[in-house]
Amino acid sequence: MIRFEHVNKRYPERGEALKDLSFELAAGEMAFLTGHSGAGKSTLLKLIGLIERPTRGQVVVDGRSIGDLPRRRIPFHRRRIGMIFQDHRLLNDRTVYDNVALPLAITGMPNRDIGRRVRAALDQVGLLAFERAHPVALSGGEQQRVGIARAIVGRPPIILADEPTGNLDPELASEIYDLFERFHEVGVTLMIATHDQERISRMAYRILRLHQGRLIADSGNW
Ligand SMILES: Nc1ncnc2c1ncn2[C@@H]1O[C@H](COP(=O)(O)OP(=O)(O)OP(=O)(O)O)[C@@H](O)[C@H]1O
């Protein structure tokens, strides 16, 4: 589903963020990505989402090398990926409904279909009652779940999460990880970047560990 082949990423002003990175994530697999701050976790996720492009090597998603994907194909590629960020990046002047509807609205989907999809996504994250609320009126955990609803509303086969629970207390974080496991159970491919060592060792999924841009451990290959 996702394959890195000898990938390097160099930021002109900072040097190499990823070095000779190779791994493969199978369809339906759930994996954690960990490592110190600055190890390259966000960069790796950005390469999959085509927010950044590799300097060398290939990133293959769904059997297609995305490095040379024409600009006009990028929106279609991104629609297959739900991205979740630590700071959830919600629009505070829009309702919860509008925030979740946004990725569908820009595809030109009819409003009736959008309504059905948005309510299904909000139901999955347990926020159906909040569709008219504004994000500021919600708790941190609820806001994060709105961000998750927005990521899944297009039913992407891949979910990438970058420190999705960094600002949440352990109980709220557990709720978010329960959700990820539910997505995993229905066949979504997930990669979750986190510093939360205690949780990832307890949850017993594959762990990819970066250190200074190199993959230094991969429990899937042990
Ligand atoms: N847009 C950018 N421009 C220049 N350098 C960058 C950019 N993004 C990341 N870097 C650099 O690349 C390296 C890897 O950063 P990255 O954000 O991928 O690490 P990370 O493991 O996600 O860190 P954290 O856990 O702190 O989020 C760091 O040295 C960082 O300063």
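Predicted model: local features only at pLDDT ≥ 70, side-chain atom pairs only at ≥ 80, totals over all residues.

Student: Which residues are around the ligand?

Tutor: One lists the residues whose C-beta atoms lie within 6 Å of the molecule. Here the residues around the ligand are Y11, E13, R14, A17, G35, S37, G38, A39, G40, K41, S42 and T43.

Student: Which helix gives the most to the shell around the ligand?

Tutor: Helix α1, residues 41-48, gives the most, with three residues.

Student: How many of the eight residues of α1 are buried?

Tutor: A residue is buried if 20 or more other C-beta atoms lie within 10 Å of its own. In α1, six of the eight residues are buried, so the helix is largely enclosed by the rest of the structure. The buried residues of α1 are K41, T43, L44, L45, L47 and I48.

Student: Where is R155, and what is its phi?

Tutor: R155 is found in the loop between α5 (140-152) and β7 (158-162). Its phi is near 50°, a positive value in a residue other than glycine. R155 counts as partly exposed because it has 13 C-beta neighbours inside 10 Å.

Student: Is A204 buried or exposed?

Tutor: A204 is exposed, because 8 other C-beta atoms are within 10 Å. The residue lies in the loop between α7 (197-203) and β9 (206-211). Although A204 is not a glycine, it has a positive phi of about 55°.

Student: How does one describe the packing of two helices, and what is the case for α3 and α5?

Tutor: One considers the distance between the axes, the angle and the handedness. The axes of α3 (residues 96-105) and α5 come within 7 Å and cross at roughly 30°. Angles under 35 degrees count as roughly parallel, so α3 is roughly parallel to α5. The crossing of the two helices is right-handed.

Student: Which residues make the contact of α3 with α5?

Tutor: From α3 come V96, N99, V100, L102 and P103, and from α5 come V146, A149 and R150. These residues divide into six nonpolar, one polar and one charged.

Student: Is A149 buried or exposed?

Tutor: A149, in helix α5, is buried because 30 other C-beta atoms lie within 10 Å. Leaving aside its neighbours within four places in sequence, A149 is in contact with V100, A121, L122, Q124, V125 and L127. By C-alpha atoms, A149 and K19 are 33 Å apart in space and 130 residues apart in sequence.

Student: Where does Y177 lie, and with which residues is it in contact?

Tutor: Y177 lies in helix α6, residues 170-185. With neighbours within four places in sequence left aside, Y177 is in contact with R199 and M203. Y177 is partly exposed, because it has 19 other C-beta atoms within 10 Å. From C-alpha to C-alpha, Y177 and R56 are 33 Å apart in space, and they are 121 residues apart in sequence.

Technical notes. Residues numbered from 1 in each chain as written. Helix = DSSP H or I, 4+ residues; strand = E, 2+ residues; numbered from the N terminus. Buried ≥ 20, exposed ≤ 12 C-beta atoms within 10 Å, placed from the backbone. Axes fitted to C-alpha atoms, helices over the stretch in contact; angles between N-to-C directions. Parallel < 35°, antiparallel > 145°, perpendicular 65-115°, else oblique. Left-handed = near helix turned anticlockwise from the far one by under 90°. Contact = placed C-beta atoms within 7 Å. Nonpolar A, V, L, I, M, F, W, Y, C, P; charged D, E, K, R; others polar.
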